[in-house]
Amino acid sequence: MTGALFTPVRVGGVTFANRLVMAPMGTCLDQGGFVTDDTVAYYRRRAEGGVGAITVEGCLVSSGTVGPEPRLSGPEYVPGLRRVVEAVKPHGVTVGVQLMHPGRQVTEGPSVAPSPVPLNSVSPTPHELTVPEIDGIVADYARAARYAADAGFEYVEVHGAHGYLPSNFLSPRHNQRTDDYGGTLGNRARFSLEVARAIIGASGLPLVWRLNGTDTEPGGFDLDSAVAVARMLEDAGAAAISVSSGTWLTLQQTLAPMSVPRGHMRPLARAVKQAVSVPVMAVGRLDDPALAEDVVASGDADLVLLGRGLIAEPDWPNLVRAGRLDEVRPCIACNACVDLVGRGERAQCSVNPEAGRERTWQVKPAAVPRRVMVVGSGPAGMEAARIARVRGHRVSIWERDAALGGKLEVAGSAPSKREVLRYRDFQARRLEQLGVEIHTSAPVSPETVRGQQPDVVVVATGAVPLVPPIPGIDGPSVYDAQRLLLGEIPVAPDSRLVVVGGSATGCETAELMRAKGIEVTLVEMRGSVGRGIEAITRRQLVKQLERDGVALLTKAVVVGIEPGLVRWRPADGGEERALAADVVALAIGWRATGADVTAGLDLGDIEVRVPGDAASPADFVRAVNAGADAGLGI
């Protein structure tokens with residue numbers, strides 16, 4: 001580490017204290033477009049962590065646009081955003097705001113675009129903007145920039161990427177106009193340039209332009225075009241270029257899941273950096289400190305954007321600057337935060353239970369330290385143990401397997417899910433550092449509990465696989481899919497494997513086994529596989545399964561298992577059929593185990609808490625947050 005990340009840099013007439021910028025990411029913490037106390041607390045917490053600049057999430061510039069985002073389309077929204085500025089500034093952070101118009105990428109309300117080209121086959125045909133309407137939207141951007149200046153923001157950013165309206169104009173695939181706003185690259189860039197000049201003229205604030213380095217769509221906006229447009233934007237007065245990629249149709253590029261390598265967009269920033277003289281911002285899973293440092297030290301970009309990394313670890317800048325790298329909570333790019341916001345729900349994080357509830361989050365010392373026994377060391381158990389120990393309780397954690405982590409070890413076995421193990425290892429290390437008594441290879445019985453004499457038992461034993469009454473399901477070649485993921489069941493390379501159940505576990509089993517060269521068929525009774533997996537990760541995983549040659553058999557109900565075959569019938573009726581199967585892996589669903597454990601305990605005065613999957617099988621986010629709540633409540 002040379003310290004390149006922590007040197008100041010000028011952006012227009014403003015100095016950023018270091019090279020780390022919080023990326024604008026939606027939170028759904030606003031209320032009807034207005035900033036809330038939760039919004040203010042969220043941004044204050046990131047400012048406390050030492051980032052050089054914060055770009056507040058995209059605010060809608062046009063009053064007619066419908067969306068979950070905050071608004072800056074009228075003076076009534078200024079006071080709330082001014083509160084964000086006032087909360088952030090005392091921490092030495094430069095603060096800006098992103099201005100956005102989603103164009104056709106809306107889920108409700110008016111859909112507009114340069115051309116009447118639908119987003120996809122199920123989306124409405126957008127209204128083709130007339131020239132007077134274009135002029136009106138340009139004026140909306142200028143007016144919003146003036147409001148931003150009134151609120152105290154020191155720069156503005158235009159979201160000109162990801163298929164939103166400016167990006168849609170730039171796309172030769174989706175912009176089919178024949179007037180001055182279509183055809184040549186110069187014409188397709190006209191809208192962006194008009195917006196840039198209008199904002200600068202109206203507000204006088206430095207302008208950052210977020211630009212796609214590529215749409216990653218066939219026939220879409222490409223890198224050569226991006227370099228040319230970056231030069232045009234610089235000539236129009238832009239103070240910096242923020243380089244991203246992808247659209248709503250290619251979100252696996254924009255918000256890369258953990259299967260995508262870190263720094264995948266770095267070459268795009270490098271190409272733009274070589275073409276312009278203004279500062280360039282890079283993004284794309286750059287939350288590894290050494291990688292972020294190298295991006296700046298090498299000259300590939302002047303600044304690094306951190307989005308999901310700062311949701312997971314608000315103190316990332318201060319910890320990295322101090323060299324306390326082992327204390328940085330890892331973002332595993334599970335995209336739970338993205339998935340929640342995409343559904344219009346409040347942002348939460350799979351590894352940081354504070355995220356989204358900063359206003360009320362308090363880890364207070366316990367009034368009376370108690371003996372706490374945590375049974376099970378999955379996500380809920382480890383977080384319950386951590387929080388309880390931080391609060392001053394005497395905590396022990398008990399795991400029946402040889403290592404902490406519960407089902408995290410299973411999830412991390414699939415090639416696309418290795419990042420999960422980073423979180424598992426991080427949590428295990430923290431528990432040890434905090435002085436939690438760790439017991440592995442230690443199944444818990446009522447006698448164990450009586451021997452420990454705890455004041456509180458946290459039952460975090462998770463869930464176990466469902467085993468439905470299918471004839472032959474107890475056969476000698478039928479196994480729990482988790483055992484294949486863990487390598488406990490050897491499967492010969494020439495075997496024919498049938499995975500029953502298209503859940504996350506089923507998909508991950510198919511992925512791992514196919515990577516070993518095994519012929520795999522995935523059978524799911526519903527119409528698609530991967531349900532319950534975050535949408536972007538699911539899209540990426542299913543495409544990978546298809547590329548790898550996994551046979552996906554959907555709307556299929558398994559009715560029997562016999563040596564060498566699996567019998568099934570179509571879910572909507574029809575004749576029974578058979579699949580050749582040397583090995584069968586079951587990934588059908590889960591059953592909570594909390595009641596099994598508590599039923600056998602002679603509790604007496606012992607307080608019992610049952611968080612996460614042990615109470616009701618759900619997802620990673622819910623497990624971690626439930627574990628945190630259990631630790632906070634003791």
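Guide: Two strands count as paired if DSSP finds at least two bridges between them. Keep in mind that this is a predicted model.

Start with strand S19, residues 496–500, and strand S20, residues 519–523. They pair in the parallel sense, over five bridges. Two bridges are enough for a pair, so S19 and S20 qualify with their five.

Now widen the view. S19 and S20 belong to an open sheet of five strands. The order is S18-S25-S19-S20-S21, and the pairing is parallel. The edges are strand S18 (478–480) and strand S21 (551–553). Each of these edge strands pairs on one side only. On average, neighbouring strands in the sheet are turned by 25 degrees against each other, direction ignored.

Next, a helix pair. Helix H1 covers residues 37–48, and helix H2 covers residues 78–88. Their axes come within 9 Å and cross at roughly 25 degrees. That angle makes H1 roughly parallel to H2, because the cut-off for that label is under 35 degrees. The crossing of H1 and H2 is right-handed.

Look at the residues in this contact. H1 contributes Asp 37, Thr 39, Val 40, Tyr 43, Arg 44 and Ala 47. H2 contributes Arg 83, Val 84, Ala 87 and Val 88. By class, the contact has six nonpolar, one polar and three charged residues.

His 162 has a phi near 60 degrees, a positive value in a residue other than glycine. His 162 sits in the loop between strand S8 (155–160) and helix H4 (165–170). Its relative accessible area is 9%. Buried means under 20%, so His 162 is buried. Ala 333 also has a positive phi, near 50 degrees, and is a residue other than glycine. Its loop runs between helix H12 (316–321) and helix H13 (336–342). With a relative accessible area of 3%, Ala 333 is buried.

Which residues are partly exposed? Arg 231 is one of them, at 42% relative accessibility. Arg 231 lies in helix H7, residues 223–236. Setting aside neighbours within four places in sequence, Arg 231 is in contact with Ala 275 and Val 276. Arg 231 can also be set against Ala 551. The two are 320 residues apart along the chain, and their C-alpha atoms are separated by 47 Å.

Val 610 is partly exposed too, with a relative accessible area of 32%. Val 610 lies in the loop between strand S27 (607–609) and helix H22 (620–633). Not counting residues up to four places away in sequence, Val 610 touches Val 459, Gly 594, Thr 598 and Ala 615. Glu 154 is 456 residues from Val 610 in sequence. In space, Val 610 and Glu 154 are 48 Å apart, C-alpha to C-alpha.

Notes. Residues are numbered from 1 along each chain as its sequence is written. This is a predicted model: local features need pLDDT of at least 70, side-chain atom pairs count only at pLDDT 80 or more; totals for chains, interfaces and linings use all residues. Side-chain values use heavy atoms; hydrogens and water are left out. Helices (H or I, at least four residues) and strands (E, at least two) are DSSP runs, numbered from the N terminus. Axes are lines fitted to C-alpha atoms, for helices over the stretch in contact, and angles run from 0 to 180 degrees between N-to-C directions. Angles under 35 degrees count as roughly parallel, over 145 as roughly antiparallel, 65 to 115 as roughly perpendicular and the rest as oblique. A crossing is left-handed if the near helix is turned anticlockwise from the far one by less than a right angle, and right-handed if clockwise. Contact means heavy atoms within 4.5 Å. Ala, Val, Leu, Ile, Met, Phe, Trp, Tyr, Cys and Pro count as nonpolar, Asp, Glu, Lys and Arg as charged, and the others, Gly among them, as polar. Buried means under 20% relative accessible area, exposed over 50%, partly exposed in between (1.4 Å probe, protein chains only).
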